[in-house]
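Biologist: Hello! I'd like a close look at a single part of this protein, together with whatever surrounds it.

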Amino acid sequence: MTTLRITRDMLDEGGYYLGTELAGGATFEGSVMIEPGLGWVRFRGSLCVTGSLCAEAGWGIQAGECIRAGWGIQAGEWIEAGEWIEAGWGIEAGLSVTCQN
């Protein structure tokens, strides 16, 4: 399975992901790992992966619409989505999981 590792140079000044692999609500065939120390990593629209989604070392994941993972979603502090959050195995956050809808 492919793993996309998100690093600081893949984010704009507001913490939004700049790559095209996750654009437009497309499903990424693999897992996404967010390196430690990036603060909030944000995705415009939905974030869908077939594997797991993990923000390492105490940071959070935010999507304007939805977050979906085939396996699990894990963040050291926060997970937040504008509409819904779904995982095949489990959702874990050190502080909170929030869905605005």
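In which strand does Leu 53 lie, please?

Modeller: Happy to walk you through it. This is a predicted model, with residues numbered from 1 along each chain as its sequence is written. Local features need pLDDT of at least 70 and side-chain atom pairs count only at pLDDT 80 or more, while totals for chains, interfaces and linings use all residues, and side-chain values use heavy atoms, with hydrogens and water left out.

Leu 53 lies in strand β6, which covers residues 53-55. Strands here are DSSP runs of E with at least two residues, and helices are runs of H or I with at least four, both numbered from the N terminus. With a relative accessible area of 1%, Leu 53 is buried. That word stands for under 20%, exposed for over 50%, and partly exposed for what is in between (1.4 Å probe, protein chains only).

What surrounds this leucine? Not counting residues up to four places away in sequence, Leu 53 touches Val 32, Leu 47, Ile 61, Ile 67, Ala 69, Gly 72, Ile 73 and Gln 74, where a contact is heavy atoms within 4.5 Å. The C-alpha atom of Leu 53 is also 9.6 Å from that of Thr 3, although 50 residues separate the two along the chain.

Several of those names return in the largest nonpolar core, which has 24 residues. Such a core is a set of buried Ala, Val, Leu, Ile, Met, Phe, Trp, Tyr and Cys residues joined through side-chain atoms within 4.5 Å. Ile 6, Leu 22, Val 32, Ile 34, Phe 43, Ile 61 and Ile 67 have the most contacts inside this core. Take Ile 34 from that list: leaving aside neighbours within four places in sequence, Ile 34 is in contact with Ile 6, Val 41, Phe 43, Cys 54, Ala 55, Glu 56 and Ile 61.

A disulfide is a covalent bond between the sulfur atoms of two cysteines. The rule applied here asks for a pair of cysteine sulfur atoms within 2.5 Å, and the count comes to zero disulfides. The closest cysteine sulfur to that of Cys 54 belongs to Cys 48 and is 18 Å away, so the gap is too far for a bond. Cys 54 is buried at 13% relative accessible area, and Cys 48 is buried at 9%.

Now follow the chain to strand β7, residues 61-63, where Gln 62 is found. Gln 62 counts as buried at 17% relative accessibility, and its C-alpha atom is 6.4 Å from that of Phe 43, 19 residues apart along the chain. Beyond its neighbours within four places in sequence, Gln 62 is in contact with Trp 40, Val 41, Arg 42, Phe 43 and Glu 80. Ala 63 has its place in strand β7 too and is buried, at 4%.

Moving on to charged groups, the structure holds one salt bridge, meaning a side-chain nitrogen of Lys or Arg within 4 Å of a carboxyl oxygen of Asp or Glu. Arg 44 and Asp 12 form this pair, their closest N and O atoms being 3.8 Å apart. Because Arg 44 lies in the loop between β4 (41-43) and β5 (47-49), and Asp 12 in the loop between β1 (2-6) and β2 (27-28), the pair ties together parts that are 32 residues apart in sequence. Arg 44 is exposed at 55%, whereas Asp 12 is partly exposed at 21%.

Finally, the surface. Met 1, Trp 71 and Trp 89 form a nonpolar patch there, with about 470 Å² of accessible area together. Patches are made of residues with over 30% relative accessible area and no salt bridge, joining like charges within 9 Å and nonpolar side chains (Val, Leu, Ile, Met, Phe, Trp, Tyr) within 5 Å. Areas come from the Shrake-Rupley method with a 1.4 Å probe, and for residues only the protein chains shown count as cover. Trp 71 is in the loop between β8 (66-69) and β9 (72-75) and is partly exposed at 42%.
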